[in-house]
Amino acid sequence: MSAADLAAEVETRPLRVALAGVPNCGKTALFNALTGARQKVANYAGVTVERKEGVAMAPDGARLTILDLPGTYSLRARSPDEAVTRDAVLGQLAGETPPDVIVCVADATSLRMALRLVLELKAAGRPLVLALNMIDIATRQGLDIDVEGLARDLGVPIVATVATRRRGVDVLIAAVQAAARTASAPATWHEPSSGEIRALHREAERLIKAHVKPPKRPDTWTGRLDSVLLHPVGGLAVLLVLLFVMFQAVFLAAGPINDVMTDGFNWLAGAVGHGLPDGLVKSFICDALISGVGSVLVFLPQIMVLFLFIILLEDVGYMARAAFLMDKIMGGAGLHGRAFIPLLSSHACAIPGIMATRVIDQKRDRLTTILVAPLTTCSARIPIYTLIISGFVPNHHLFGWVSEQGLVMLGLYATGIVSALTVAFVIRTVFWRGASEPFLMELPAYKMPDPLNVARLVLQRAEIFLRRAGTIILSMMMLVWALSKIPLAPAGAKDPAIDYSFAGIIGHALQPVLAPIGFSWQMSVALIPGMAAREVAVGALGTVYAVGGGDDNTAVLATTLAGHWSLASALAFLAWYVFAPQCASTLGVVKRETNSWKWPAILFGYMITLAYIAAFITYHVALALGAG
């Protein structure tokens, strides 16, 4: 196609522009500056990689379709995200129209990896524009970049931008429109060999030496901060303080909102149920639909607080440094350095923890973290732990102030952490040996986050959670409700209605299998509705033992259990809940995040096996010690 024909075609339809760049270059901030609120988030066809597309308006009124591609250091595909970027750039991505122009976004303070990517993108043959982002920070640091000389040497138009302040955005759009009127070159890209990669590095170094003058007075603030934040001891201390603050915020800041939402859904269920006659219809609407939706939405404040911290740390430039600090520690257990954020947040809830694994680039590292995140002690286990501990562990104090009950709770938390690290080590040394990728990243410059950009990203995460998790979680809640309610108890029945339901039938059928770990049929029945969410088991136990109020009357229920269970059975029940995958919400989110039922099935299988083994050992050791 001639240049004239190409120019005529682009005048009749919106230009398609793909944004590419290395991680932490400000690409998403530029995407937001270009598109504002005119954007939508979905998945690419057949994969779980996030797809962000928006519309930009040129000063002349023309519309441009902007696609924000996943960050990558190279067009070599080493992860699903990088494969999407490579295929989109080459015009080989299924279901996607090839871009008319590629905009490579580069951090002006750190050009080495960006220029290497530019050299690869040139080989793709499509019209290319280089956006030199964060030019204000580069200027403040004293860097002197010969933009015109670098553009001539690269053969690519360059536009300086400050995405967080929308500086240079109109100039960039004009450069994109001009580039779209040029003919594409033949695509010559192929996966580079090791020698070709070294050659690209050398060329990037040459370009920097020729066109970027280092500051006459180096930026001492970055050096001073890094000397503390990257210190093997001081850096870890700062990291632990930040993680403690984030952990507390996820619990404390989200807690009151969770309580208000829970009370609201309880009020709604009561108000709706007040006008309905007793029966299955009332139970379905109030327990399955309203409570099912509520069980999804109450996770939302925790997720928003969690992602607020993650996005702030990423925007400031600290996340890369924290990952660098933790890489050696996490690597000892076979985990990626970035896995510490998902594992920490899983102590609040495994759902936001699993969603947070998106910060991990490599597929196997991400899958390993997803598989072990539910082993950490989430808040849903606390009602069960509290119930059993209050009923069976004396409220004594060691040395006058150390609570024995608190020590048991601490031991359960520690067991979850140790088991997660141990399983990760087994996965990476037995099943995926030699699969670890080198941890390569450039440390970005420190910068102030853009509040509008942060708010937009947090709201997008909330929307993604509600859209992706809500449908599957709600359907599973409805299924568990049906198992717990159908069939109805016969007229004149004296036993709890749950005994006659499918859940009760299954519980009685499972009792011979669970007898070796000390579980009675009542305990077995409570496990079935508890598959929806761990804390549901408390209410189920209250129903089975006919304790009024279910989980609201914990003290009475704890006393009742102490009269019916042996200490060995109670300890086995605790051991079971340390490992058991009793959370339909988590399984649903794992399915959505991995785009397959294979990984939820593997997660369920290995965790239920660990739960049985742990309960078996705990029960028989307790019996041997006279706790029967």
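Trainee: Which residues have the most contacts inside the largest nonpolar core?

Mentor: This is a predicted model, where local features need pLDDT of at least 70, side-chain atom pairs count only at pLDDT 80 or more, and totals for chains, interfaces and linings use all residues. Residues are numbered from 1 along each chain as its sequence is written, and side-chain values use heavy atoms, leaving out hydrogens and water. A nonpolar core joins buried (under 20% relative accessible area, 1.4 Å probe, protein chains only) Ala, Val, Leu, Ile, Met, Phe, Trp, Tyr and Cys residues through side-chain atoms within 4.5 Å. The largest one has 90 residues, and those with the most contacts inside it are V372, I388, F519, W565, F573 and W576.

Trainee: Which helix gives this core its largest share?

Mentor: Helices here are DSSP runs (H or I, at least four residues), numbered from the N terminus. The largest share of the core is 10 residues, and they come from residues 567–579, helix α25.

Trainee: How many residues are in the other core, the one with L19 and L121?

Mentor: That core lies apart from the largest one. A20 and L154 are also among its members, and its total is 72 residues.

Trainee: How many residues apart are E593 and R366?

Mentor: They form a salt bridge (a side-chain nitrogen of Lys or Arg within 4 Å of a carboxyl oxygen of Asp or Glu), with the closest N and O atoms 2.8 Å apart. Both E593 and R366 are buried. E593 sits in helix α26 (residues 584–594) and R366 in helix α17 (residues 363–372), so the pair links distant parts of the chain, the separation being 227 residues.

Trainee: Is D136 buried or exposed?

Mentor: D136 forms a salt bridge with R165, at 3.6 Å between the closest N and O atoms. Its relative accessible area is 17%, so D136 counts as buried.

Conventions:
Buried means under 20% relative accessible area, exposed over 50%, partly exposed in between (1.4 Å probe, protein chains only). Helices (H or I, at least four residues) and strands (E, at least two) are DSSP runs, numbered from the N terminus.
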